[in-house]
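Subject: Structure for your files

Hello,

Here is the structure for you to look over. My notes on it follow below.

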Amino acid sequence: MKKTIKKGAGILLLVTCISYACKDQYLVVQPTGQLAGSQLSTKAGLDGLLLSAYSQLNARGFTQSASSNNWVRGSISGGDANKGSNSGDFNALTPFQRYEVQAASGEVNQKWQAMYEGVSRANAVLRTLSAAGADVSDVDKKRIGAEARFLRGHYYFELKRAFNMVPYVDETKDYGTGVDAIGNDVDIWPKIEADFKAAYDNLAETQDAAGRANKWAAASYLAKTYMYQKKYADAKTLFDLIIANGKTANGKKYGLVAKYANVFNAEFDNNEESVFAIQAAANAGSSDNANPDLVLNFPYNTGSSGPAGCCGFFQPSFELANSFRTNANGLPLLDGSYNVGANQLVTDQGIKSAEPFTPDAGPLDPRLDHSVGRRGIQYLDWQPHPGLDWVRDQGFGGPYAPKKFVFYKSQDKTLTDASSWTDGYSAINYNIIRFADVLLMAAEAEIEVGSLEKARTYINQVRKRAADPAGFVIQNGKPAANYVISEYTTAFANQDAARKAVRFERKLELSGEGHRFYDLVRWGIAATELNAFLAYEAPKLPTGYLGAKFTAGKDEYMPVPQTQIDIQKGLLKQNPGY
């Protein structure tokens with residue numbers, strides 16, 4: 001088996017039944033559909049509760065916009081991608097690209113519910129741990145409690161950056177009964193910090209399963225929490241330790257995978273670049289264990305010549321694809337000129353697949369063709385992307401297809417789940433944090449404390465990996481496009497120049513991975529960047545974008561769901577502008 005932590009609604013019950021099947025306690029008939037406290041407080045019961053808390057990472061049972069991978073809010077709202085498909089399919093997602101999300105949105109409420117479900121499960125572990133049975137050692141208690149606090153920290157981190165002011169409920173509260181009514185008028189960053197700090201202090205460096213959080217995953221998440229609060233010196237101190245000493249849960253020293261494409265290949269999951277990931281497994285008894293979050297995000301109508309065949313969502317934007325243009329020296333066009341004149345990528349927008357088309361011949365960052373499926377360029381091991389034949393509605397979503405997190409033809413039915421309606425349920429993990437992300441956050445921290453040269457070193461580590469020809473997309477025995485990329489060979493002129501470099505590097509390196517919108521908000525430049533994005537993208541795709549606008553002071557956060565305000569009888573305060 002490739003994976004270690006499996007997910008699904010029946011995990012807790014299964015673990016408990018296995019633990020007790022041959023014991024005298026089964027002579028006592030428990031209430032149907034319930035587990036007794038004495039069952040849950042055993043080591044097996046507590047680990048079952050903990051696995052249940054892990055299983056909520058992908059928000060199984062909720063909508064795709066609720067998951068921790070954030071492809072909707074993080075990437076579509078961030079300008080990495082258009083909603084895709086066509087205007088009528090899953091049109092509840094269209095407001096995310098137009099910044100028109102409303103408090104009554106079911107998608108918004110789903111995100112709130114999914115993350116608080118994760119909080120509830122983590123709290124259940126901690127509450128039950130206080131009454132742990134005799135078979136739970138002190139070492140077990142320390143580990144289980146620290147993992148639960150890590151997971152609770154994650155779910156609250158998601159809530160904080162999605163909604164800003166949210167209620168904080170710990171294991172001592174019974175939220176939702178009216179007994180412990182809690183408002184959203186207190187900043188919860190200190191609570192999130194405390195959870196990750198407790199996890200960092202109490203978790204071991206290695207775990208018995210690759211998907212479990214370890215000491216260094218907690219350190220990385222704590223440092224990320226510092227970055228969101230602009231505590232750059234604190235973050236730098238931790239990043240120094242992580243980069244020097246960090247290890248994956250299975251003991252591999254942190255590093256960058258040699259080939260960029262392998263970061264998104266299920267055969268290489270839980271590698272040295274994986275800091276903390278949502279685990280997925282195929283053909284493990286149920287598609288529930290596979291990755292459900294990206295099941296819509298494949299080229300459309302591919303038949304047997306391409307992956308999955310459904311459903312044409314999450315099409316990379318024109319603006320993102322242009323961003324991979326480089327100058328003759330292999331550096332990005334940080335002045336924004338990639339969207340101007342001949343620097344714009346040549347596309348097949350409006351050109352039928354049967355009509356001739358020549359792909360762009362200009363200099364490009366090779367990460368483009370690992371991130372964006374475009375006509376004429378080899379699409380993994382399937383075939384060269386045929387263009388319009390694999391796109392549901394170019395006029396709504398543009399000419400491109402997603403390419404990260406797509407399975408290979410050689411993996412179909414082995415690393416994809418054959419038991420469901422689509423092969424799109426794959427075994428590909430999603431890295432919530434990966435080491436390239438850590439290096440680029442570390443570079444940011446160095447810039448903000450004035451260490452520009454150290455920041456340049458970290459940025460160049462990421463670019464050096466991308467520049468290795470061994471990792472280029474190869475077609476007909478040679479690079480599929482004119483790949484020209486280099487490291488920054490001269491010192492940054494000043495702090496502003498360094499900021500531009502690292503921020504753009506995050507855009508390129510982490511595109512389509514759910515980070516962009518949140519980065520723009522924490523940098524305080526969301527309105528400027530996203531309105532410029534809209535000004536460029538809307539004329540090309542007016543059906544999806546015409547009239548859209550990002551409003552500063554409002555659209556940085558989603559509204560508190562009206563359903564939740566109603567349930568709490570007005571105790572929760574709505575975010576500004578809604």
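**Salt bridges and other findings**

Arg-456 and Glu-453 meet through their side chains in a salt bridge, 2.7 Å from N to O; the term means a side-chain nitrogen of Lys or Arg within 4 Å of a carboxyl oxygen of Asp or Glu. Both residues lie in helix H15, three residues apart, which is about one turn of the helix. Helices (H or I, at least four residues) and strands (E, at least two) are DSSP runs, numbered from the N terminus. Arg-456 is buried at 14% relative accessibility, while Glu-453 is partly exposed at 40%. Buried stands for under 20% relative accessible area, exposed for over 50%, and partly exposed for what lies in between (1.4 Å probe, protein chains only).

Two points on the basis of these notes. The model is predicted, so local features need pLDDT of at least 70 and side-chain atom pairs count only at pLDDT 80 or more, whereas totals for chains, interfaces and linings use all residues. Residues are numbered from 1 along each chain as its sequence is written, and side-chain values use heavy atoms, with hydrogens and water left out.

**Other salt bridges**

The search of the whole structure finds 47 salt bridges. Side chains of opposite charge can pair when their charged atoms come close.

One of the bridges is between the side chains of Asp-240 and Lys-454, at 3.2 Å from N to O. Asp-240 is in helix H10 (residues 232-245) and Lys-454 in helix H15 (residues 452-467), so this pair ties together parts that are 214 residues apart in sequence. Both ends are partly exposed: Asp-240 has 27% relative accessibility and Lys-454 has 33%.

Another salt bridge is formed by the side chains of Arg-522 and Glu-444, with 2.6 Å from N to O. Here Arg-522 belongs to helix H17 (residues 516-523) and Glu-444 to helix H14 (residues 435-449), so the parts tied together are 78 residues apart in sequence. Arg-522 is buried, with a relative accessible area of 8%, and Glu-444 is buried as well, at 6%.

**The chain as a whole**

The protein chain has 20 helices and 10 strands. Its radius of gyration is 24 Å, which agrees with the value near 25 Å that a compact globule of 578 residues would have; the radius is taken over C-alpha atoms, and the globule rule is 2.2 Å times the number of residues to the power 0.38. Along the principal axes, the C-alpha atoms fill a box of roughly 75 × 55 × 50 Å. Of the 578 residues, 61% are buried.

Contact means heavy atoms within 4.5 Å. Among contacts between residues at least 6 apart in sequence, 72% join residues at least 24 apart. The accessible surface comes to about 21,200 Å², and 52% of that belongs to carbon and sulfur atoms; areas come from the Shrake-Rupley method with a 1.4 Å probe, and for residues only the protein chains shown count as cover.

The mean positions of the 62 positive and 61 negative charges are 1 Å apart. Lys and Arg count as positive and Asp and Glu as negative, with His and the chain ends not counted; each charge is placed at NZ of Lys, CZ of Arg, CG of Asp or CD of Glu.

**Loops and backbone**

Ala-282 is in the loop between strand E2 (274-278) and strand E3 (313-316), and is buried at 12% relative accessibility. Leaving aside neighbours within four places in sequence, Ala-282 is in contact with Thr-414, Leu-415, Thr-416, Asp-417 and Ala-427. Ala-282 and Ala-418 are 136 residues apart in sequence and 8.0 Å apart in space, C-alpha to C-alpha.

Cys-311 is in the loop between E2 and E3, and the peptide bond from Cys-310 to Cys-311 is cis, with omega near 10 degrees.

Tyr-99, in the loop between helix H5 (94-98) and helix H6 (106-129), has a positive phi near 60 degrees and is buried at 5% relative accessibility. Lys-569 has a positive phi of about 55 degrees although it is not a glycine; Lys-569 lies in the segment after helix H20 (562-567) and is exposed, at 78% relative accessible area.

Regards
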